[in-house]
Amino acid sequence: MYSAYLEEHIQLELTKAIREATIQNPKDAVDFIGSYLLKIVEDDAKSKQQEIINATWAEEDKELEIKLKEKEAMIEKVKAELEEKRLKEEEEERRLKEEEEKRLKEEEAKKAEAEEENADDTVNED
């Protein structure tokens, strides 16, 4: 039971610590091995903390990407609405211009008709 636990959780790190103590040959091997194991624990904690930070950043990146896409979609919608408004204004302007041209033609026709009547009246008076 203990050996399975030791194999799974401690053996690899303890073997590394003992191997390094053998290479370094420190005066106090037990202190060296203890310090080595504590460094492994600290490094593991830093690694886990960095993973949490990276996961948080990744989540923030996703959220920002979603917001960016939403803003881009909103910009496209506004552009489309502005284009539609511009086209409607151009159509209205064209319609008003046509109406004005039609009105001017009608006025010219009435004026010409009135002049013709005046000319006829002048001829008839003579």
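**Entry 1. Terms and source**

I began with a definition: a residue counts as buried under 20% relative accessible area, as exposed over 50%, and as partly exposed in between, with a 1.4 Å probe and protein chains only. I noted that this is a predicted model, in which local features need pLDDT of at least 70 and side-chain atom pairs count only at pLDDT 80 or more, while totals for chains, interfaces and linings use all residues. Residues are numbered from 1 along each chain as its sequence is written, and side-chain values use heavy atoms, with hydrogens and water left out.

**Entry 2. Overall form**

I looked up the secondary structure and found three helices and zero strands in the protein chain. The order from the N terminus is α-α-α. Helices (H or I, at least four residues) and strands (E, at least two) are DSSP runs, numbered from the N terminus.

I then asked what radius of gyration the protein chain has. The value is 46 Å, whereas a compact globule of 126 residues would have one near 14 Å. The radius is taken over C-alpha atoms, and the globule rule is 2.2 Å times the number of residues to the power 0.38. Along the principal axes, the C-alpha trace spans about 145 × 35 × 15 Å.

**Entry 3. Surface and charge**

I recorded that 2% of the 126 residues count as buried. The accessible surface comes to about 11,800 Å², and carbon and sulfur atoms account for 55% of this surface. Accessible areas come from the Shrake-Rupley method with a 1.4 Å probe; for residues, only the protein chains shown count as cover.

I found 23 positive and 41 negative charges, with mean positions 7 Å apart. Lys and Arg count as positive, Asp and Glu as negative, and His and the chain ends are not counted. Each charge is placed at NZ of Lys, CZ of Arg, CG of Asp or CD of Glu.

**Entry 4. Salt bridges**

Side chains of opposite charge can pair when their charged atoms come close. I used this rule: a salt bridge is a side-chain nitrogen of Lys or Arg within 4 Å of a carboxyl oxygen of Asp or Glu. The count comes to twelve salt bridges.

I examined Lys-39 and Asp-43, whose closest N and O atoms are 3.0 Å apart in a salt bridge. These two residues are four apart in helix α3 (residues 29–125), so about one helical turn separates them. Lys-39 is partly exposed at 47%, and Asp-43 is partly exposed at 35%.

I next examined Lys-88, which forms a salt bridge with Glu-84 at 3.4 Å between the closest N and O atoms. Lys-88 and Glu-84 are likewise four residues apart in helix α3, about one helical turn. Is Lys-88 buried or exposed? Lys-88 counts as exposed at 54%, while Glu-84 is partly exposed at 42%.

Arg-86 and Glu-90 form a salt bridge with the closest N and O atoms 2.3 Å apart. Arg-86 is partly exposed at 34%, as is Glu-90 at 41%. I noted that salt bridges with shared partners join Glu-83, Arg-86 and Glu-90 into one network.

**Entry 5. Nonpolar patch**

I asked which residues make the nonpolar surface patch of about 420 Å². They are Tyr-5, Leu-6, Ile-10, Leu-14 and Ile-18. Patch residues have over 30% relative accessible area and no salt bridge; like charges are joined within 9 Å, and nonpolar side chains (Val, Leu, Ile, Met, Phe, Trp, Tyr) within 5 Å. Helices α1 (2–9) and α2 (11–24) each supply at least two residues of this patch. Leu-6 lies in helix α1 and is partly exposed at 42%.
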